[in-house]
Amino acid sequence: MILLGKYIRWFDEINKNDIPIVGGKGANLGELTKNGVNVPPGFAVTSTAYKEFISISELDEKIKEIINSFSVEDSAQLQQKSEEIRNLIIGNEVPKEIKQIIIDTY
């Protein structure tokens with residue numbers, strides 16, 4: 001159960017103070033749920049799950065290299081490098097432990 005809370009949080013467990021953990025959309029859904037708005041039951045995947053995915057997939061150093069390889073002032077390069085990072089993330093499988101918890105929760 002400890003991993004469940006580490007990787008996912010139910011909407012009724014989160015609020016606006018949890019933006020660093022579940023992002024703005026997740027926190028807003030938590031606020032709506034807590035205030036009685038008819039929100040379908042659901043959960044948010046935590047930033048911990050994302051960070052561990054990046055670390056286990058060994059993408060952290062690759063992403064840092066890409067970020068350090070261009071000037072953010074160049075919007076064309078920024079767009080290209082953002083796409084490279086997105087493709088790195090999409091191209092890697094979510095680690096089994098994280099994936100299983102998300103699937104089981106769903």
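So, charges to begin with: this protein carries 12 positive and 16 negative side chains, and the centres of those two sets sit 3 Å apart. For that count, Lys and Arg are positive and Asp and Glu are negative, while His and the chain ends are not counted. Each charge is placed at NZ of Lys, CZ of Arg, CG of Asp or CD of Glu.

Before I go on, a word about what's on the screen. This is a predicted model, where local features need pLDDT of at least 70, side-chain atom pairs count only at pLDDT 80 or more, and totals for chains, interfaces and linings use all residues. Residues are numbered from 1 along each chain as its sequence is written, and side-chain values use heavy atoms, with hydrogens and water left out.

Okay, the overall fold. How many helices and strands are there in the protein? Six helices and two strands, where helices (H or I, at least four residues) and strands (E, at least two) are DSSP runs, numbered from the N terminus. Reading along the sequence, you get α-β-α-β-α-α-α-α. The radius of gyration is 16 Å, well over the 13 Å that the globule rule gives for 106 residues, so the protein is more spread out than a compact globule. That radius is taken over C-alpha atoms, and the rule is 2.2 Å times the number of residues to the power 0.38. If you'd rather picture a box, the C-alpha atoms fill one of roughly 45 × 30 × 20 Å, taken along the principal axes.

Now, surface and inside. The protein exposes about 7400 Å², and carbon and sulfur atoms supply 54% of that; these areas come from the Shrake-Rupley method with a 1.4 Å probe, and for residues only the protein chains shown count as cover. Of the 106 residues, 28% are buried. Buried means under 20% relative accessible area, exposed means over 50%, and partly exposed is in between (1.4 Å probe, protein chains only). As for contacts (heavy atoms within 4.5 Å), take those between residues at least 6 apart in sequence: 60% of them join residues at least 24 apart.

Let's zoom in on helix α6, residues 96-105. Which residues of α6 are buried? They're Ile98, Ile101 and Thr105. Seen down the axis of α6, these buried residues fall within an arc of 65°, so they line one face of the helix. That arc is the one made by the directions from the helix axis to the C-beta atoms. Over on the other side of α6, Lys96 and Asp104 are exposed.

Phe53 lies in helix α3 and counts as buried, at 7% relative accessibility. What does Phe53 touch, not counting residues up to four places away in sequence? Leu59, Ile89, Asn92, Glu93, Val94, Pro95 and Ile98. Look at Gly36 as well: Phe53 and Gly36 are 17 residues apart along the chain, and their C-alpha atoms are separated by 33 Å.

Ile56 is also found in α3. Is Ile56 buried or exposed? Exposed, with a relative accessible area of 51%. From Ile56 to Ser69 you go 13 residues in sequence and 23 Å in space, C-alpha to C-alpha.

Then comes Glu58, in the loop between α3 (47-56) and α4 (60-67). Glu58 has a positive phi of about 55° although it is not a glycine. It counts as exposed, at 57% relative accessibility.

On to helix α5, residues 75-90, where we find Lys81. With 15% relative accessibility, Lys81 counts as buried. Leaving aside neighbours within four places in sequence, Lys81 is in contact with Ile66, Ser69 and Phe70. Arg86 and Ile63 are 23 residues apart in sequence, with 9.6 Å between their C-alpha atoms.

Last stop, Ile19, in helix α2, residues 19-34. Ile19 counts as partly exposed, at 44% relative accessibility. Apart from neighbours within four places in sequence, Ile19 is in contact with Gly24 and Ala27. And Thr46 is 27 residues away from Ile19 in sequence but 9.7 Å away in space, C-alpha to C-alpha.
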